[in-house]
Amino acid sequence: ILPNAWDAGTARLMAHLGAPAVATSSAAVAWSHGYPDGGVLPVPLLAATVAAIAGVVDAPITADVEGGYAGDAAGAGEAVAAVVAAGAVGINLEDSVAPPELLAAKIAAAKAAAARQGVDLFVNARTDVYLHGLAPAEGRVTETLARAERYRAAGADGLFVPGVAAAEEIRAIAAGAGLPLNVLAVPGLPAAAELAALGVRRL
């Protein structure tokens, strides 16, 4: 169960309260620096935030890097290299409305960038099939699983599906993805214990 921090103070509070790992929220980090959410935060500011968090917590840090702050795999790899150098050992990397093959390329670039620094980076591949309605309601599980297969082949270590809330859809995705499933806490979501029983591994 990962709380989302946006600076060193919030991260230290979360770690003090027992969080086994600390995540950053891309929106909250952007807002805390006066930027809107949506891939416009300068990467040096994100890296500085991660470095500040790493300076005050011993827990592993996973950083939300949105779409890698770049329209191509090489640029995403550079952004990931910066947050890994700052102390992150995991990232969220999302497809948003871009073609899934682009995220697959970014995942491979992220893994390679971290490996060059000697870090076995945990890449949590976020697909926005539900969040942005990228498939009709009846086809969202199928589309999510198709993307999961592609992202797993590219090197992803986890699958993040924000917006999914129906128990049977969560169960189907958890069973078929071949990756540990991460969901986002939203109104109407089953309780944490039920999510675990459905196959969710990260909330």
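A crossing of two helices is called right-handed if the near helix is turned clockwise from the far one by less than a right angle, and left-handed if anticlockwise. I'll need that for two helix pairs.

**Ground rules.** I'm working with a predicted model, where local features need pLDDT of at least 70, side-chain atom pairs count only at pLDDT 80 or more, and totals for chains, interfaces and linings use all residues. I count residues from 1 along each chain as its sequence is written, and side-chain values use heavy atoms, with hydrogens and water left out. My helices are DSSP runs (H or I, at least four residues), numbered from the N terminus.

**Entry 1: α3 and α4.** I looked up helix α3 (residues 43-54) against helix α4 (residues 73-86) and found an angle of about 20 degrees, with the axes 8 Å apart. Axes here are lines fitted to C-alpha atoms over the stretch in contact, and angles run from 0 to 180 degrees between N-to-C directions. Angles under 35 degrees count as roughly parallel, so α3 and α4 are roughly parallel to each other. Their crossing is right-handed. On the α3 side I listed V43, L46, A47, V50, A51 and A54, and on the α4 side A79, A82, V83 and A86; contact means heavy atoms within 4.5 Å. By class, I get 10 nonpolar residues, no polar and no charged (Ala, Val, Leu, Ile, Met, Phe, Trp, Tyr, Cys and Pro count as nonpolar, Asp, Glu, Lys and Arg as charged, and the others, Gly among them, as polar).

**Entry 2: α6 and α7.** Next I checked α6 (residues 140-154) against helix α7 (residues 167-176), whose axes come within 10 Å and cross at roughly 25 degrees. That pair is therefore roughly parallel too, and the crossing is right-handed. V141, T144 and L145 of α6 meet E169, A172, I173 and G176 of α7. This contact has four nonpolar, two polar and one charged residues.

**Entry 3: T144.** Is T144 buried or exposed? I find it buried, with a relative accessible area of 0% (buried means under 20%, exposed over 50%, partly exposed in between, with a 1.4 Å probe and protein chains only). The T144 side chain reaches the backbone oxygen of R140 at 2.8 Å. Leaving out residues up to four places away in sequence, T144 touches T127, V129, Y130, L159, V161 and I173.

**Entry 4: P36.** I found P36 in the loop between α2 (26-32) and α3. P36 is partly exposed, at 48% relative accessibility. Beyond four places away in sequence, P36 touches A30 and W31. Its C-alpha atom is 23 Å from that of L2, 34 residues apart along the chain.

Key
Helices (H or I, at least four residues) and strands (E, at least two) are DSSP runs, numbered from the N terminus. Angles under 35 degrees count as roughly parallel, over 145 as roughly antiparallel, 65 to 115 as roughly perpendicular and the rest as oblique. A polar contact is a pair of N or O atoms within 3.5 Å; within protein, one must be able to donate a hydrogen and the other to accept it, and residues adjacent in sequence count only if both atoms are side-chain atoms.
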